[in-house]
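Hi,

Here is the structure I promised to send over. Have a look first, and my notes follow below.

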Amino acid sequence: MAAEKAEELPAKMVKTQDKENLWLDILYEQKGAARRLVSNKSVIVFGDNGTGKTSLLAKLNGKKSPQYDVSLEYDYIDVRDDINGDKAQLGVWTINGDIGHTNLLPIVFNEDNFGDVLVMLTVSITEPWAWPKQLKHWVHVLERHIESLPLAAEKKVQARERLATIWQSYGYTGSCLKQIIAADDLSPLTEDALTTNLGVDLVVVVTKTDCMGGTFLMENDYSDEHIDFMQHWIRNFCLRHGAALFYTSIKKATNCDHLRKYLLHRIYGLPFQTPPMVVDQDAVLVPAGWDTLKKIDILFESIHGIKANSDFTDIIKAPSTGNVIFNRNLEFVETVDEQAFLARQMEILKLLDQADAKKGGDGKHSTRQSSRGQRSSMKTERYESSGRDTVLSKFFAELREKSSASTSGDGPVSVSSRNGTEKSGISLQPGAELGPLSRIAEKKEDQVKPE
């Protein structure tokens, strides 16, 4: 009874002191009343392909990562309130990283569930140079979608006010994050905090932090200062957008359990007792509302070779080779089957034979001229076109037959071993298959010798 009266006293103080702050009243009522878990809440996961979205969610669910890739994937997280035994399922939607799949967003995020959605943005530590472009892209997609929703302007304003109030009222007490404090104790938003307020809860997740070892640093010519510079940049991004930040690793299970509990804390108000962590480079954890510019700038006390105002892409550059560079306009080249390629060459040679037969007739010579940019004169070479093309046709025909015999038309052509003995198929010994071509070349040289 004494504990219940102790809880009733601050409730009256809050409501008396802040009758005009509707959101504080609502948040307090949600905390003071019996907590009920509902299943209409959801998490939407954005991120480029390869950032580990599906594997991360499988880890959060305690399941195996699926081997398939779909445009829009649905899963759920089982939720249980240990205090009252209430249960629910938190829906999780993952949108494929290809830009063409963003048109599926209205299915999972619309005016009906606008206030019941948390958005998670994923990037990978293996491609830090792509962070600015990727995060900017997904925030733009989200912002443009929210603007398109048929919501009253007042409702959007209220959503932004709610997010600002939550940000201001967050504070770590030493045992857990508290979300409700008196209105007079609310701190104003610090510099650069929530300058981009979408009215939606955001969590930024950096995946694959187990790759931050010596090999990663050596391959990309990074040092510990570069890692701190990355953290400095992404914490600033989260500060401006009102987002929490988690560095995670599936292999080491880094922060995976903390991330799961934090999602349930933000969505359902369940307890979250993990303090912020910014010392370990591969296990950063920053709840939304905790960070400030002063806390972030502490990182530069140990960074001496990089200026604080340096552009991110000037310091964290994409390697010229080895890793895949972030590009949304990649062109894919389709390889051609070997047999189809050889058949095409035979068709071309047959067409050349027919064309030369029509122009030159039997026994006549054809003349081809080749021009070179650095020369002022033209040099004419005469040779027997029909004889050359016939040999080439025969060569490609034999090549196709031997390839088919050795591979049954599907596999690669087998070649001779290094000691010169043929295994099967085509021999690559010098002159073994190109004898006819060599004789043509010798005949050509004899024709151009001066008399």
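This is a predicted model: local features need pLDDT of at least 70, side-chain atom pairs count only at pLDDT 80 or more; totals for chains, interfaces and linings use all residues.

Which residues does Phe46 touch, not counting residues up to four places away in sequence? They are Lys53, Ile95, Leu105, Val119, Met120, Leu121, Thr122, Trp138 and Leu142, where contact means heavy atoms within 4.5 Å.

Residues are numbered from 1 along each chain as its sequence is written, and side-chain values use heavy atoms, with hydrogens and water left out. Helices (H or I, at least four residues) and strands (E, at least two) are DSSP runs numbered from the N terminus.

Now the cores. Phe46 is one of the five residues that touch the most other members of the largest nonpolar core, along with Phe109, Trp131, Ile234 and Leu245. That core has 50 residues; a nonpolar core is a set of buried Ala, Val, Leu, Ile, Met, Phe, Trp, Tyr and Cys residues joined through side-chain atoms within 4.5 Å, and buried means under 20% relative accessible area, exposed over 50%, partly exposed in between (1.4 Å probe, protein chains only). Elements that each supply at least two residues of it include strand 1 (42-47), strand 4 (117-124), helix 5, helix 8 and strand 8 (243-247). Another core, of 37 residues, lies apart from it, with Leu57, Leu90, Leu118 and Leu285 among them.

Next, a helix pair. The axes of helix 5 (residues 131-148) and helix 8 (residues 224-241) come within 12 Å and cross at roughly 15 degrees, which means helix 5 is roughly parallel to helix 8. Axes here are lines fitted to C-alpha atoms, for helices over the stretch in contact, with angles from 0 to 180 degrees between N-to-C directions; angles under 35 degrees count as roughly parallel, over 145 as roughly antiparallel, 65 to 115 as roughly perpendicular and the rest as oblique. On the helix 5 side, Trp131, Pro132, Leu135 and Val139 meet Met230, Trp233, Ile234, Phe237 and His241 of helix 8.

Helix 8 also holds Arg235, which is buried at a relative accessible area of 2%. Leaving aside neighbours within four places in sequence, Arg235 is in contact with Leu245, Val278, Val286, Trp290, Asp291, Lys295, Ile296 and Leu299.

Over in helix 9 (residues 256-268) sits Leu259, buried with a relative accessible area of 0%. Leu259 touches Leu56, Leu60, Met120, Val203, Val205, Phe246 and Thr248, again not counting residues up to four places away in sequence. Val203 is 56 residues from Leu259 in sequence, and their C-alpha atoms are 9.2 Å apart.

Leu56 and Leu60 are among the buried residues of helix 3 (residues 53-61), as are Lys53, Leu57, Ala58 and Asn61. The buried residues of helix 3 pack against strand 1, strand 2 (72-80), strand 3 (87-95), strand 4, strand 7 and helix 9. Just after helix 3, Gly62 takes a positive phi of about 75 degrees.

Asp221 has one of about 55 degrees; Asp221 is in the loop between helix 7 and helix 8 and is exposed at 66% relative accessibility. Ala253 has one of about 60 degrees; Ala253 lies in the loop between strand 8 and helix 9 and is partly exposed at 40%.

Cheers
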